[in-house]
Amino acid sequence: MPTDQTNVAIACQGGGSHTAFTAGVLRELLRDIPEEYNIVGFSGTSGGAACATLAWYGHIHPEKNPGDLLTGFWKDLSASSPLHRAVNNIIRWSIGLQRAGVPFPDISPADSPGSKWGKNEFRDLLESYVDFDAVPELLDGTEPGLFLSAIDVCGGTFELFREEDLSSDAILASAAEPHLFEAVEIDGKHYWDGLFSKNPPLKDFMEATDNPDPDEIWLVKINPQERAEVPRSMEAIHNRRNELSGNLSMTAEIRFIERINDFIDKGYLPERYTHTEIRRIRFPKSRKLDWRTKLDRDPEFLDRLVSDGEKQAQTFLEAL
């Protein structure tokens with residue numbers, strides 16, 4: 001790598017269907033990233049984990065294009081077939097009734113045939129875009145790192161899946177929202193959504209010994225950090241609570257990185273430590289969506305989010 005290049009890691013926050021925005025961001029970044037930037041890592045959680053994996057796989061595979069993978073994946077994930085449209089409409093209808101105060105019985109994902117069907121559908125879709133068995137042959141030690149987060153349900157500790165551990169189950173584990181999917185078992189341990197642990201992994205870029213430390217982290221943010229008003233209605237409270245919970249671990253890791261940067265600037269740490277700037281690519285403020293739309297797979301809705309991501313990435317690149 002030329003010495004005048006800037007090492008960059010791209011981190012993708014989770015957020016269900018809203019991470020179609022992330023697909024648009026990644027597609028634009030990887031198509032038009034300036035030559036002076038060198039990508040050394042991708043990370044992601046939940047829907048961000050799927051996007052990060054597709055971007056990473058397309059980036060290192062000699063016969064794949066990350067933009068094509070991301071476009072095809074979200075097109076196939078959308079509720080375009082009659083069956084998927086029916087399922088999506090049922091979900092939206094149920095959400096509407098819940099908003100109106102109609103009570104619904106609590107059914108565990110472990111007892112739900114629909115949950116098991118959705119999980120298997122998602123696994124099949126991932127495996128149609130990523131040849132997980134072939135991944136070890138692509139690893140030669142020069143590719144960017146891949147960091148996917150999940151939480152060990154019983155142990156209460158976070159798990160980081162790396163490129164050598166990559167599998168469809170690893171992505172499912174990162175995306176296993178416990179109200180929707182039962183815990184994913186990998187090597188005798190059971191995992192839930194990485195939103196409970198790292199959303200997305202950030203400081204792991206610096207702690208990994210097999211990858212260069214990034215000079216910059218480009219953080220694709222789904223959940224707003226700030227709101228102008230205190231939520232009053234129950235709907236607004238639920239929405240803000242979802243946003244805050246999705247930002248908690250991320251905020252803690254950002255503060256850790258900022259503290260390390262401060263130590264470096266003051267000369268407290270050896271020269272081998274790298275000052276890391278965090279640049280944010282934010283979900284547009286004009287797109288005011290409540291947390292329940294993170295389950296919506298309407299094709300037009302997802303297309304708008306992808307387009308939003310492309311526009312935000314273009315603005316970001318122009319400002320570099």
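This is a predicted model: local features need pLDDT of at least 70, side-chain atom pairs count only at pLDDT 80 or more; totals for chains, interfaces and linings use all residues.
Colleague: How many helices and strands does the protein chain have?
Modeller: There are 10 helices and 8 strands in the protein chain. Of its 320 residues, 50% count as buried.

Colleague: And what share of the contacts comes from residues 24 or more positions apart?
Modeller: Such residues account for 75% of the contacts in the protein chain with a separation of 6 or more.

Colleague: Turning to helix H2, is it enclosed or exposed?
Modeller: Helix H2 is largely enclosed by the rest of the structure, because 13 of its 14 residues are buried. The helix covers residues 47-60 and reaches 20 Å from its first C-alpha to its last, close to the 20 Å expected at 1.5 Å a residue.

Colleague: How many aromatic pairs does a search of the whole structure find?
Modeller: The search finds 9 aromatic pairs.

Colleague: Where in the chain do Phe-161 and Tyr-191 lie?
Modeller: Phe-161 belongs to strand E4 (residues 158-162) and Tyr-191 to strand E6 (residues 189-193); the two are 30 residues apart, and the pair links distant parts of the chain. Both residues are buried.

Colleague: Which residues form an aromatic cluster?
Modeller: Phe-73, Trp-74, Phe-122 and Tyr-129 form one cluster.

Colleague: What sits over the ring of Phe-147?
Modeller: The charged end of Arg-162 does, 4.1 Å from the ring centre. Elsewhere, Lys-203 lies over the face of Phe-256, 4.7 Å from the centre of that ring.

How values were computed
Residues are numbered from 1 along each chain as its sequence is written. Side-chain values use heavy atoms; hydrogens and water are left out. Rings of Phe, Tyr and Trp (its six-membered ring) pair if their centres lie within 6.5 Å; planes under 30 degrees apart count as stacked, over 60 as edge-to-face and the rest as tilted. Helices (H or I, at least four residues) and strands (E, at least two) are DSSP runs, numbered from the N terminus. Buried means under 20% relative accessible area, exposed over 50%, partly exposed in between (1.4 Å probe, protein chains only). A charge sits over a ring if NZ of Lys or CZ of Arg is within 6 Å of the ring centre and within 35 degrees of the ring normal. The expected span of a helix is 1.5 Å times one less than its number of residues. Contact means heavy atoms within 4.5 Å.
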